[in-house]
Amino acid sequence: MRPRESTSIYLAVLAAVSLLAGACASRSSDQAATTGAPGALQQPSGSPIQEEAPQAAETAPDTSASPATPAETPADSGASSAPTGGASPATPKAPSGAGAQAPKTKGGAAAGTKNPTPAAQGQKAPNAPSGGSSGGGSASAPSGGSKSNPTDAITVTGPNSQGVTDKEIKVGVLAPLSGYAAFLGEVEVDAVKAFLFDANAKGGAKGKQYRVVVADTRFEPATEAVGARRLVEQEKVFALFTTFSDTIGPYVASKGIPNFAFGIVPPAFSSKYPTIYPVGLDTVDSITTMAYTLTQVLKKPIKSVAIAYGTQNIAWGQWADYAKKAWEQFGVQVKSMDRFNVSDGDCTQLVLKIQNLNVDFWQVGNSLGWPLCGQAMHRQGYRPPQGFGGPYTDDINWGNQMGPGYDGVFAMTNGVSLQPDRKGTPWPYDPSGVAPAVDHYMDSMKKYSPKSGTLTDMEGIWPQSFWAQAKALHEAVLRQTDAITWEGVNKWLQAQKNWSSGIVSPGSFAPNCKTNGVQTYIYSYKWNAQANSVEETDWKPYGGVVKVPTEVKNKVMPGGGDCYLTAYADAKL
């Protein structure tokens, strides 16, 4: 075990948490407060947009040096200034349906492309390039720069898509940068910038440098939807990095724009949105994994549970019945299904209800408000006999709001543990057991995102997943032999059936079977009163990476098999 971040400010955080919850309740006036960062500009409708210029290329970056601070260019009323090397393209006309050809830009760049034929519908997965990762899942893909000669190259002739000039590739990041979850958004942006700015320092991609434009979502799905349109139609970005992508699925599918998502909510895994590429956990799959692991692997005597679900910031309540099936198939009685959001503010009454139901385990860590419930349990001196947990419990900063109430929570991650000796373990996808990209990940985070480059932050599921998103885009761009287009990037990504970032679990981006990043580890946290801090337990006693049997998945979504995430997402969309 190793001590994690101190929680000496626990009492202060408890006093503040109701204020944070209140911030969530005031759901989204269009005017957001600026973050105060250079380059932030108050927008007339929506959150501020910040633009960061590309890093200058270096021949051999010194990872021990202090990071260079990128210049920031304020957006002008929501539209970015024209990047060097090309004029800002005109706003494209929205196509009538998925895959429609979008008009050309003022400088000749295509604003959109036809939606490629999904790899899952007969397209053969390409061979992995030398040093690539699309094959066995254990090899490391190109880490940066533009010198590559892949065997799975994609050729699309004609003009580049929007956001691509002779010198730059402009990408957009949608992240919660204000409000109660701003610390998560900062880590998200830092991880994307860490990979892309490190790639810039090594020569960029195809002779071009990445430019990053950021918009604040305040962790609100509706605000994310507005931000996506502004980044695509006003800022003219080439690709999007987003948290959930549930509210923007129809939009990005109609445009054909590559959209890299954390995932969490089922729509990101739907075949109806073939250009969304999730690299993080899916909530229902995570609950299925936890139910299977606790009852069948760890053999815990769980006969009854309660399940909490969210309907606002992480809105997955529409699929909560699948989570119920996940537990019931193991003979466990689901005594209660309860909606709870951060905006509800106080979890005391719900805790009293769960206590009166006398459940063995509480599947509460799949509501964004779970720390409020942890605090209420701690105040009342109550804990279900077999514990509590869920997929949202991995982030130490979020969980530390509970202080000693964090003790015993069951957490999940699809990433790797980072020991002081820098080993990225456990990594069962390679005989070495060590994540092949761990050094690249840690070096780039420390150099280009020093605020999020601490061991505590780097071990979290957020930075690892968003760093992996940036790597997926970079690899897809490197495979383009002619124009850099939405069509070409989507075609390469959708052919990846065992893509690995080398830092989070590998999987498939095939539209009808999205599984990337969903293989998980379960572990728990213990409170160390002497050190006044929480400690992460060893992962090994919890069964290692969990491979849920196909028959278990079929009981959650009949006929879904190993592609059941996509199947149950499709079923309710």
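R218 sits in the loop that links β4 (209-216) to α3 (221-233). Helices here are DSSP runs of H or I with at least four residues, strands are runs of E with at least two, and both are numbered from the N terminus. The model is predicted, so local features need pLDDT of at least 70, side-chain atom pairs count only at pLDDT 80 or more, and totals for chains, interfaces and linings use all residues. Residues are numbered from 1 along each chain as its sequence is written, and side-chain values use heavy atoms, with hydrogens and water left out.

R218 is not a glycine, yet its phi is positive, near 55 degrees. Its relative accessible area is 13%, so R218 is buried (under 20% relative accessible area, with exposed over 50% and partly exposed in between; 1.4 Å probe, protein chains only).

I264 also is a residue other than glycine with a positive phi, about 70 degrees. The loop between β6 (259-261) and β7 (276-278) holds I264. Is I264 buried or exposed? I264 is buried, because its relative accessibility is 5%.

Next comes strand β12, residues 410-413. Both of its faces are covered. F410 and M412 are buried on one side, A411 and T413 on the other. β12 runs antiparallel to strand β15 (residues 521-528), and four bridges join them. Pairing requires at least two DSSP bridges between two strands. M412 has I522 of β15 as its bridge partner.

P426 belongs to the loop between β14 (424-425) and α10 (438-448).
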